[in-house]
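Welcome to this guided tour! Open your viewer, get ready to select residues by number, and we will go from stop to stop together.

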Amino acid sequence: MNEKQREDFKKLLLALHAELTEKTPARIEPNRTDDARIGGDEDEQPLNEMMQAIASNRNRNMDGVLARVLKALGKLRDEPDSYGECEECGDALPLGRLRAMPYAEYCVTCQGAKDGPKGRATRKKLTDYT
C-alpha cells in the first residue's frame, strides 16, 4: 500500500470517526408515561422492551466500531506500513475490503475462523424430506 492510499484511508477513518462521535446514543422513551394509566394495550410493554433492546444493541455496536476506528487511526499514525495487513496471518487486506471497512483487522478467511459457525443451516436439502 502506498502513501496516497494510506492518506485516503485516513480521511475515510476520520470521516467515520466524526460521524460516529456526532451521533447521540439511541434512546427509546417508555410508552407508558403515567403510572395511573394501566390496562391499555397489552402489547405496549413488550414492544417497549424490544425497542429498548434494539437501541441498546445499536449503541453497543456503534461503540465497538468507534473503538476499531480509533485503533486503525492509531495504527496509521504509529505503524503506517502495517496498516491494511491481517492481524492474524499478516496477509494484505484487499483494498475493496478496506474501502468498505477501513477499520478491518482481519482478512475474510481469518475473520470467518474467528467468528466461527453461526449455527446449523436453515435451508433444507431435498434429501431431508425422504
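How many helices and how many strands make up the secondary structure of the protein? There are four helices and zero strands, where helices (H or I, at least four residues) and strands (E, at least two) are DSSP runs numbered from the N terminus. Reading from the N terminus, the order of elements is α-α-α-α.

Before we zoom in, a note on what you see: this is a predicted model, in which local features need pLDDT of at least 70 and side-chain atom pairs count only at pLDDT 80 or more, while totals for chains, interfaces and linings use all residues. Residues are numbered from 1 along each chain as its sequence is written, and side-chain values use heavy atoms, with hydrogens and water left out.

**Stop 1: the whole chain**

Show all 130 residues of the protein; 22% of them are buried. Here buried means under 20% relative accessible area, exposed means over 50%, and partly exposed lies in between (1.4 Å probe, protein chains only). Now think about contacts, meaning heavy atoms within 4.5 Å. Of the contacts between residues at least 6 apart in sequence, 52% join residues at least 24 apart.

**Stop 2: the nonpolar core**

Next, select Leu13, Val69, Tyr83, Cys86, Leu93, Leu98 and Tyr103. In the largest nonpolar core, which has 17 residues, these touch the most other members. A nonpolar core is a set of buried Ala, Val, Leu, Ile, Met, Phe, Trp, Tyr and Cys residues joined through side-chain atoms within 4.5 Å. Which elements give two or more residues to this core? They are helix H1 (3-22) and helix H2 (44-78). In soluble globular proteins, nonpolar side chains tend to be buried together.

Stay with cysteine 86 for a moment. Setting aside neighbours within four places in sequence, cysteine 86 is in contact with Asp91, Leu93, Glu105, Tyr106, Cys107 and Cys110.

**Stop 3: the cysteines**

How many disulfides does the count come to? The count is zero, with a disulfide taken as a pair of cysteine sulfur atoms within 2.5 Å. Select cysteine 89: its nearest cysteine sulfur belongs to cysteine 86 and is 3.7 Å away, and cysteine 89 is in no disulfide. Cysteine 107 is in no disulfide either; there the nearest cysteine sulfur, that of cysteine 110, is 3.5 Å away. Is each of these two cysteines buried or partly exposed? Cysteine 89 is partly exposed, because its relative accessibility is 39%, and cysteine 107 is buried, because its value is 10%.

**Stop 4: salt bridges**

A search of the whole structure finds eight salt bridges. Each one is a side-chain nitrogen of Lys or Arg within 4 Å of a carboxyl oxygen of Asp or Glu.

Begin with arginine 6 and glutamate 3, which form a salt bridge with their closest N and O atoms 3.3 Å apart. The two are three residues apart in helix H1, so about one helical turn separates them. Arginine 6 is buried at 10% relative accessibility, whereas glutamate 3 is exposed at 52%.

Now jump to glutamate 105, whose side chain meets that of arginine 68 in a salt bridge (3.7 Å, N to O). Glutamate 105 lies in the loop between H3 and helix H4 (108-115) and arginine 68 in helix H2, so this pair ties together parts 37 residues apart in sequence. Glutamate 105 is buried, with a relative accessible area of 14%, and arginine 68 is partly exposed at 24%.

Glutamate 105 also forms a salt bridge with lysine 71, with the closest N and O atoms 3.2 Å apart. This pair links distant parts of the chain, 34 residues apart, as lysine 71 sits in helix H2. Lysine 71 is partly exposed, at 44%. Select Arg68, Lys71, Lys75, Glu87 and Glu105 together: salt bridges that share partners join them into one network.

**Stop 5: arginine 97**

Finally, select arginine 97 in helix H3 (residues 95-100).

Look instead at the backbone oxygen of tyrosine 106, which lies 2.9 Å from a polar atom of the arginine 97 side chain. Beyond four places in sequence, arginine 97 touches Ala104, Tyr106, Cys107, Val108 and Gln111. End on glutamine 111, which is placed in helix H4 and is buried at 18% relative accessibility.

Note on methods:
A polar contact is a pair of N or O atoms within 3.5 Å; within protein, one must be able to donate a hydrogen and the other to accept it, and residues adjacent in sequence count only if both atoms are side-chain atoms.
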